[in-house]
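Dear colleague,

Please find below the structure that I am handing over to you. My findings follow directly after it.

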Amino acid sequence: MDKLEEFVQKLKEDERNRSYTERGILPVFQSSPSARILIIGQAPGKKVEETGIPFNDKSGERLMEWLGIGRDTFYSEDIAIMPMDFYYPGKAKTGDLPPRAFIAKEYHKALRSMMPHIQLTVLIGGYAVRYYLKGKEKKNLTETVKAFHDYLPQYFPIVHPSPLNNIWLRKNPWFEEDVVPELQKRVRSILKK
């Protein structure tokens, strides 16, 4: 059994994931030892849980546009996807429940260690930003995303590509005018190497 298989087995055997394992639901992430870009999102949604494919939904379509890559590249060994929770946490009043905190605390470091060639980590949304920028973020997510240059070259914080953020995107046209082109430029530069 290789490291990745052991990692998945440990997740499946974790008592806190028992309800998923009993229903035959596998943890959702994408990992490769040759990955150069790491995407850290929130948690799989219901549709993603059903297919087992990360970002296999409207959010994923928009994210690929923002990154400037197609499905073939997005689901290639160049891109890794490590959500804050590897399982769908359930429905809340608006959107989904937050990712369970223990996943990032207890599992991210081990999975990240299997990807030694990461050159850029894209942090998607508040949960990933707060966890990975720990105290270095600005007063809110909008201000943190505006100040993305402050976190380069390691991290690139962005808002979640969910359709639930359409109002935010309309109110903040600078994101798609200024931030997205810079993200695409960096992704292109890394993937050409």
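Please note that this is a predicted model. I begin with S162, which touches S59 and R62, leaving aside residues up to four places away in sequence. S162 sits in the loop that runs between strand 4 (155–158) and helix 9 (166–171). Its relative accessibility is 13%, and S162 therefore counts as buried, the cut-off being under 20%. The side chain of S162 also comes to 2.9 Å from the backbone nitrogen of L164.

Strand 4 leads on to the sheet. Four strands form an open sheet in the order 2-1-3-4, with parallel pairing. Strand 2 (79–81) and strand 4 are at the edges; each has a single partner strand, so one side of each has no neighbour in the sheet. From one strand to the next, the twist averages 20°. Strand 1 and strand 2 run parallel and are joined by three bridges; I39 has I81 in strand 2 as its bridge partner.

Strand 1 (37–40) is also one of the elements against which the buried residues of helix 6 pack, together with helix 1 (3–13) and helix 7 (125–133). These buried residues are F102, I103, A104, Y107, H108 and L111. Because they cover an arc of only 170° around the axis, they lie on the same side of helix 6. K105 and K109, on the other side of helix 6, are exposed. As to length, the twelve residues of helix 6 (residues 101–112) should span 16 Å at 1.5 Å a residue, which agrees with the 17 Å between its end C-alpha atoms.

Yours sincerely

Technical notes:
Residues numbered from 1 in each chain as written. Predicted model: local features only at pLDDT ≥ 70, side-chain atom pairs only at ≥ 80, totals over all residues. Heavy atoms only, no water. Helix = DSSP H or I, 4+ residues; strand = E, 2+ residues; numbered from the N terminus. Buried < 20%, exposed > 50% of the residue type's maximum accessible area, 1.4 Å probe, protein only. Polar contact = N/O pair within 3.5 Å; in protein donor to acceptor, adjacent residues only side chain to side chain. Contact = heavy atoms within 4.5 Å. Expected span 1.5 Å × (residues − 1). Arc of directions from axis to C-beta. Pairing = 2+ DSSP bridges. Axes fitted to C-alpha atoms, helices over the stretch in contact; angles between N-to-C directions.
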